Amino acid sequence: MPDIHDEDSFEPHPKPGISRLDYAGEQGMAVEQETLVEPDVAKREEARSLWGDAWRDLRRRPIFLLSVVLILLLVVMAVFPWAFTDANPRKADLVHDYLRRPDWTDFFGAGWFGYDAQGRSIYARVVYGARASITVGIFVTAAVTVLGGLTGMVAGYYGRAVDAVISRVVDIFFGIPLLLGALVLLNAFTTRTVWTVVLALAVLGWTQIARVMRGAVLTVKQSDYVVAGRALGAGTGRLMFRHILPNAVAPVIVVATIALGGYIATEATLSFLGIGLQDPTISWGIDISSAQKVIRTAPYVLFFPAAALSATVLAFIMMGDAVRDALDPKLR
Amino acid sequence: MTADGAGPTGAAVPEEAAFAQEVPRGEPILEVRDLVKHFPLTRGVLFKKQVGAVKAVDGVSFDLMQGETLGIVGESGCGKSTLAKVLMNLEPATGGSVRYKGEEISRLSGGALKAVRRNIQMVFQDPYTSLNPRMTVGDIIGEPFEIHPEVAPRGDRRKAVQDLLDVVGLNPEYINRYPHQFSGGQRQRIGIARGLALKPEIIICDEPVSALDVSVQAQVINLLEQLQGEFNLSYMFIAHDLSIVRHISDRVGVMYLGKMVEIGSDEQIYDHATHPYTQALLSAVPVPDPTARESRDRIVLTGDVPSPANPPSGCRFRTRCWKAQERCAVEVPPLAPPGWLSGPAFHDSACHFAAERESGEDVGSRP
């Protein structure tokens, strides 16, 4: 496809069928049209595919690239932890390894970050702990986006009574602090796995997305192309998923990316408090919790899982920030 | 439509079999009677109480004839666009009737409404907002075929879309481009192609050129006129540019504050206007001649347009009219030809004191 700045390609298509009068007008107009297009350039730049522009913008941001590399690394770590370490994160040797200090010569080895109070390799536990955090983060975000996106869409599209009912329910959920609500919910389960935590956080977190989605749908619903679709006789499904959703999804993606970091932090907090994940599961939150008993004698036991957690949360929030800046033309 | 490849002018007349019955030229195809659209004004958050209504369209009647162009003019906020939305069934009418070929369509829903939509289509004002930025031109123009699959069989759709692009004067190879890759005039052509896709009989144009540059306006107007001949379309052409309306219209209706105040042929309205509002509106048309500009006498109206939520009693124009008398506040003037006038001045005019202007100068200007 020719570059869109190639104004030559904008010359009207010469064609025998159309009346001579009309075409005479067109050809005479062609020169003027080229210059007249100029004032529209700003508008066209803005209208030029939002995602294309955002991507071009993002590729030049070092912060975005750094966070993406970090996130990719963490995801690979979550899926294939054995590729990063040979050590078994559950092997506990209290005789030889009790609180052994980090050994920087043992590069990528079991003793690299030292051993914790149960004689387990901290490096191996940091690597294996990524799985719980990433799983919780991604699945909670996915669940919240689907649930909140659908309810927000329905509320914004139908409006009136439907909107009033959904918005009040959202308000009620919004009033429950995420952490407190999760504490209460998770307390009801005797055995808690990653999926119980995902469920609890999703049930409490969908309202944020629902609000954003509702607002975006309310704006897009008014636009002429949706009215044009209705005038053609398009059904609800077509209007929602072909016209409204693709144009309303940008703010939702931004909020979801930023929230992802928050869910990981919440999971770690819950695990730290002893109400999130439980011990056979390896989680940074659990390790931080058990490290506090030896924080004075062996601060490195706390440092490594805490650093991993901070880096992960930061990476997601930075990526979300960069995406928001790229998608918001006002910030350009 | 041009499936035989004979070119757009060759195969001009679409398959007429698709239409229920033919209406001969000059017969009404759309009859609008006492059409009312009120937007309720409510107070209260939970228990909404209606405290009034914005009377956007308040008892409008007119006929749209087969094959003609009816221009609707009026200043901003007089209800022109609301009228278009109600006719398109995009807003439910509060009262009155709209009959398409004698069939009441203002209260249809579901399948029956969808069927009527095939015959009445719309061209929007702003070509920058009326095309979905996430869809290609092929998807935008092809969408009518997906919604009404009986119009074009699946295999022929791409060809049908390319034919439509050809008809509106765009390169058929642009089918995979996105709207932002086109200029305003080209986008409006895409909007027109979408309106034509279902082979409608009536196209409602809601200020189709007011968002375009003046030089491009002429191209789009010419295209609309040419398509009218090719496809035997009836247009309802809403605009606030009086010169363009005169150029394209066979008949013109003038609206003020939700009511039709005068309606007649373009000559009757532009050269023999009898309603004071029409006369004032016409006297404000810019004249591209500095000497004539000096000599003509403009009618400068005082005051603002009253709120449509609380319109004046009797004649709605009386608050700004230099002819207003006590009778105007009491009696609503009917839209009918005044009996005391004759010749071209004898046409529908909703004024108790309808008369041509004394000086009788030509205030309309042909483009």
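Modeller: Two strands pair if DSSP finds at least two bridges between them; helices (H or I, at least four residues) and strands (E, at least two) are DSSP runs, numbered from the N terminus. This is a predicted model, in which local features need pLDDT of at least 70, side-chain atom pairs count only at pLDDT 80 or more, and totals for chains, interfaces and linings use all residues. Residues are numbered from 1 along each chain as its sequence is written, chains are lettered from A and ligands numbered from 1 in the order in which they are written, and side-chain values use heavy atoms, leaving out hydrogens and water.

Colleague: Thanks! Over which residues of chain A is the pLDDT below 50?

Modeller: pLDDT is the predictor's confidence in each residue, from 0 to 100. Chain A has a mean of 80, with 83% of its residues at 70 or more. Where pLDDT is low, the predicted coordinates should not be read in detail. In chain A, the stretch with pLDDT below 50 is residues 1-47.

Colleague: Which residues does A:Val126 touch, leaving aside those up to four places away in sequence?

Modeller: A:Val126 lies in helix 6 (residues 122-158) of chain A and, at 10% relative accessibility, counts as buried (under 20% relative accessible area; exposed is over 50%, partly exposed in between, with a 1.4 Å probe and protein chains only). With contact meaning heavy atoms within 4.5 Å, A:Val126 touches A:Phe113, A:Trp284, A:Phe304, A:Pro305 and A:Ala308.

Colleague: On to chain B. How many of its residues are buried, as a percentage of the 367?

Modeller: Chain B has 11 helices and 10 strands. Of its contacts with a separation of 6 or more, 67% are between residues 24 or more positions apart. Buried residues make up 57%.

Colleague: Is helix 3 of chain B roughly parallel or antiparallel to helix 5 of chain B?

Modeller: Axes here are lines fitted to C-alpha atoms, for helices over the stretch in contact, and angles run from 0 to 180 degrees between N-to-C directions. Helix 3 (residues 137-147) and helix 5 (residues 184-196) of chain B pack at about 25 degrees, with axes 7 Å apart. Angles under 35 degrees count as roughly parallel, over 145 as roughly antiparallel, 65 to 115 as roughly perpendicular and the rest as oblique. Helix 3 of chain B is therefore, relative to helix 5 of chain B, roughly parallel.

Colleague: How many Å apart are the end C-alpha atoms of helix 6 of chain B?

Modeller: In helix 6 (residues 214-231) of chain B, 13 of the 18 residues are buried, so the rest of the structure largely encloses this helix. The expected span is 1.5 Å times one less than the number of residues. For helix 6 of chain B that gives 26 Å, and the end C-alpha atoms agree, at 26 Å.

Colleague: Last one: what is the bridge partner of B:Gly71 in strand 9 of chain B?

Modeller: All 6 residues of strand 9 (residues 251-256) of chain B are buried, so the strand is largely enclosed by the rest of the structure. Strand 9 of chain B pairs in the antiparallel sense with strand 10 (residues 259-265) over 6 bridges. With strand 3 (residues 69-73) of chain B, the pairing is parallel over 4 bridges. There, B:Gly71 is partnered by B:Val252.
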